[in-house]
Amino acid sequence: MTDIHETDRDGLRELIRSCAFDLKLPLVRRDIDLLIQQSADEQWNLWRFTAELLRREKENRSENQRRHRIKNAGFPQLRYLNEIDTDALPADARKALPTLETLDFIKNGRNLILYGNPGTGKTHLATALGIAACNAGHSVLFTSVPRLLTQIRECRNALTLRSLENKFERYDMVICDEFGYVSCDKAGAEMLFNHLSLRTDKKTTVVTTNLAFNRWNEIIDDKVLVTAMVDRLTHKAILLNMTGKSYRMKETQEMMTMIR
């Protein structure tokens with residue numbers, strides 16, 4: 001690169017930063033001096049400099065988008081697949097985990113139902129798969145079933161339900177946590193059924209529940225609706241029995257042993 005007068009260099013630097021700001025290129029704006037210095041030190045030509053500048057900007061943008069997807073998903077905690085103690089997982093989950101990690105079930109729009117007693121890793125596994133999906137470029141929503149019902153009711157009262165439905169339908173993966181902890185009245189059950197039905201055979205819905213399917217009528221007092229909901233959710237779905245020893249109970253017992 002030819003030498004540029006110091007005054008001209010300062011002016012060009014400000015012009016680059018101004019253009020980078022307008023074009024929403026934060027890495028260019030932030031690191032232009034470092035890149036110019038590196039290009040001089042390593043004697044890059046203009047082709048190499050331009051390619052490196054754009055490559056780094058693209059990587060920076062991809063990383064920001066990844067973080068944005070995770071933040072917007074609404075995970076209550078960040079849990080990762082590499083943190084899962086596979087030996088402690090129930091047999092069904094341990095066997096299915098390698099296949100689930102490929103995320104092919106999301107590409108194929110298949111649902112995932114994790115059912116079993118509390119404390120066996122259902123929410124951890126669902127969250128970890130959700131974060132892996134975010135990292136792979138998928139849009140994800142994490143919500144508890146009680147929170148989703150509250151949101152549906154609020155949007156219905158505010159006459160914004162259609163907007164919520166459109167957004168809910170577009171997510172590549174929706175995780176509905178804690179189904180079965182709070183009972184639904186008939187109106188709530190119908191709203192939940194209608195909402196989940198928007199995604200049937202199109203996008204992935206993950207449900208974690210402490211109840212086997214034959215006990216869903218304990219929280220929804222409408223056998224016809226329960227049958228229809230189970231039919232919609234389980235069609236071509238992956239069903240994992242997560243019944244096992246509670247992680248939390250195990251940790252409590254270990255803690256008590258240490259105290260003694």
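Me: Why is R56 called partly exposed?

Reply: Keep in mind that this is a predicted model. R56 has a relative accessible area of 23%. Partly exposed covers the range between the buried cut-off, under 20%, and the exposed one, over 50%, so at 23% R56 gets that label.

Me: What about E52, buried or exposed?

Reply: Buried, because its relative accessible area is 11% and the cut-off is under 20%.

Me: And what makes R56 and E52 a salt bridge?

Reply: The N to O distance between their side chains is 2.9 Å. The rule asks for a Lys or Arg nitrogen within 4 Å of a carboxyl oxygen of Asp or Glu, so this pair qualifies. Both residues sit in helix α3 (residues 46-73), 4 residues apart, about one turn of the helix.

Me: How do you know that K107 and D104 make a salt bridge?

Reply: Here the N to O distance is 3.6 Å; with the limit set at within 4 Å, the pair therefore counts. K107 and D104 are 3 residues apart in helix α5 (residues 104-107).

Me: What makes R215 and E218 a salt bridge?

Reply: Their closest N and O atoms are 2.8 Å apart, and the limit is within 4 Å. Elsewhere, salt bridges with shared partners tie R13, E14, R17 and D33 into one network. The structure holds 17 salt bridges.

Me: Why do you say that β1 and β5 pair?

Reply: Pairing takes at least two bridges, and 4 join strand β1 (residues 112-115) to β5, so they pair; the two run parallel. I113 stands opposite L239 in β5.

Me: What makes the lining of the second largest cavity nonpolar?

Reply: By class that lining has 8 nonpolar, no polar and no charged residues. V145, C176, F179, L192, L196, V207, M229 and L233 line this cavity, and Val, Cys, Phe, Leu and Met count as nonpolar. β3 (173-179), α9 and α10 each give two or more of these residues.

Me: And how does the lining of the largest cavity divide?

Reply: Into 4 nonpolar, 4 polar and 1 charged. R232 is among the residues lining it, and Arg counts as charged. The space in there is about 60 Å³.

Definitions and conventions:
Residues are numbered from 1 along each chain as its sequence is written. This is a predicted model: local features need pLDDT of at least 70, side-chain atom pairs count only at pLDDT 80 or more; totals for chains, interfaces and linings use all residues. Side-chain values use heavy atoms; hydrogens and water are left out. On a 1 Å grid over the protein atoms alone, a cavity is a set of points where a 1.4 Å probe fits but cannot get out, and a pocket is an open set with protein on both sides within 12 Å along at least five of seven lines; lining residues have an atom within 4 Å of a point. Grid points are joined across faces, edges and corners, and a volume is the space filled by probe spheres set on the points. Buried means under 20% relative accessible area, exposed over 50%, partly exposed in between (1.4 Å probe, protein chains only).
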